[in-house]
Structures are given as structure tokens and as C-alpha cells.
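Have the viewer open as you read.

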Amino acid sequence: MKYIRLLFYILFISKTIIIWGGENIGGLSFRAYEYSKDERTSFIIPSGNQGVRFKDYLSVSFDLKIREKGEHFGYVCRMIVDNKNSLNLILVNPVNEEPYLCLIKDQQYLGKIHSSATIDIHEWNRIKIELEYKNDTLYVRNNGSLISKEKVAAPDNHSVKVCFGANKLASYTTSDVAPIILKDVQIGLEPGSIKYEWSLEQAVSDTLLQDKFRQMTAFISNPEWIINSHMYWKHRKTLSFSSKTFPVMGHRTKRISLDSSYLG
């Protein structure tokens, strides 16, 4: 019987590894107000001074969730079009209200991100922003549901800079970073197609990150990669015991405890 508990522990660890291997545990966690301004996270598409060129259509979509801990305020995404107009997705935290996401176009408040279903900002949400200049229309979707439709106007041939988190771009600089986790960023230049894609599943050490199709490079600084928290041990606490002690899992509680009784 003295090895049964150890066997349970081994099975528990094996099951955990299988679960991690079967789900997408990646993503980019943004350093926000818990860090100094120079240490906060940026993810900017594209790198350099130029923007993404498009003509009649642009879509920017991404998976997003808000960390439960941290100051619930700041920029999630800022899209700068033709270096003169901006569309901003912002996390706000009003007094005596629950935090929520909202859209601001230049200085115009477009409203909350909401749909027919209740949105939990601490769970994954798929946000899609579309600009159709043929119809002079801006569409915003959350998890496939249309939640905003606004009129826009602009001449032919455009460029856009897509900024997540902090940026130091002239006239649009911000260090107000929301505590977000981001993954699966996609940009389309035609309806129904994806031109550039960054999954953000794997950690990288460089400040430049090529998209999946190796057609565009994004700039990244001060990243916190979610995958690293599952791959590397972190020291939490040191415990000392007078005899040999091993971690075991309770058969009913499914909790790990420390036990030395089965050593004889």
C-alpha cells in the first residue's frame, strides 16, 4: 500500500501533461501598471515606420481576455489609419460598475463591446474590426456577433498601424496598458481571407516577430509569454521537514498533500 499514493501522484502528473498538450495554452501577457512605463509591453504591426497598406477593405481580428488581477484600465488596441485617424479599443473601470471594453474613434465614443450573449472579459473573446471603405462602414464583431456599425469616410489607398499595449508613435504615444492576454492576431485585406497572422503561441527572444506567412514583421517589447509559465518551474516557497516527505494526491479531494507515513 505504501506505493499506491505515489502511483496516484504519478498518474496525476501524467494527466496534467496530457491536458496541457491538448489545449492551446499560449498567448502574450501584457505587462501593465504593475511595471514602470519603460517596462510595459508593446506589440506593434508592422515594425518600422511604415504601415499596412490596404485599399477598400481591412480586417483586424484577435483573441483577447483580461487578467483578473491588476488595474482594469488602459489601451487594448489602437489602430492608426493614414496617420490621422485612430480607432481605440479601451478597457475602462467606472466607479461602482464592472470593468468593460469600449470603442473610441478619434474623440468620439462609440459605446461598449457587448452582444446578445453576456460577455465575460476574463474569458477568451474573439474581436474582429472591419473597415469597408467602399461602403464607408466600420463593423465590430465579438465572437461572431455584430455589435457595432458606424459610418466612416476616407479616400482611396490607406495605411494602418496596429498597436497593442504601449507605443511611442508621434501624436499617439501611450503607456496606459490594460492587463490583457492576446493571441491569434490576424489581418485581412480582402473579405474572407487572411493576409498576415501571428499566433503568439510560442515564446521568442527577438524584438521582431515574423507572421505565419513570412510576409510581414511585427515589433514586440517586454513580453510575458504564457507558455513559459507551463514549461519552467518557479520558486514559490521553501519547506523543511525532519524526515523524508513526498507529495501525494488525495484520491477523493484531488489535492496534492505531503506525506511521510508510507515510508515505513
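Let's start with phenylalanine 62: skipping its neighbours within four places in sequence, this residue is in contact (heavy atoms within 4.5 Å) with Cys77, Leu89, Asn125, Arg126, Ile127, Phe164, Leu182, Lys183, Asp184 and Val185. Keep in mind that this is a predicted model, where local features need pLDDT of at least 70, side-chain atom pairs count only at pLDDT 80 or more, and totals for chains, interfaces and linings use all residues. Residues are numbered from 1 along each chain as its sequence is written, and side-chain values use heavy atoms, with hydrogens and water left out.

Phe62 also shows up in the largest nonpolar core, being one of the six that touch the most other members among its 52 residues, along with Phe43, Ile45, Met79, Leu89 and Trp198. Strand 4 supplies the largest share of this core, five residues. A nonpolar core here is a set of buried Ala, Val, Leu, Ile, Met, Phe, Trp, Tyr and Cys residues joined through side-chain atoms within 4.5 Å. Another core, of five residues, lies apart from it and includes Tyr75, Ile90, Tyr100 and Cys102.

Now for strand 13 (residues 180-188): nine of its nine residues are buried, meaning under 20% relative accessible area with a 1.4 Å probe, protein chains only. Strands are DSSP runs (E, at least two residues), numbered from the N terminus, and two of them pair if DSSP finds at least two bridges between them.

| Partner of strand 13 | Bridges | Residues standing opposite |
|---|---|---|
| Strand 1 (residues 28-30) | two bridges | Leucine 28 and leucine 182 |
| Strand 4 (residues 57-66) | seven bridges | Leucine 64 and leucine 182 |
| Strand 14 (residues 196-198) | three bridges | Tyrosine 196 and isoleucine 187 |

Terms used:
Buried means under 20% relative accessible area, exposed over 50%, partly exposed in between (1.4 Å probe, protein chains only). Helices (H or I, at least four residues) and strands (E, at least two) are DSSP runs, numbered from the N terminus.
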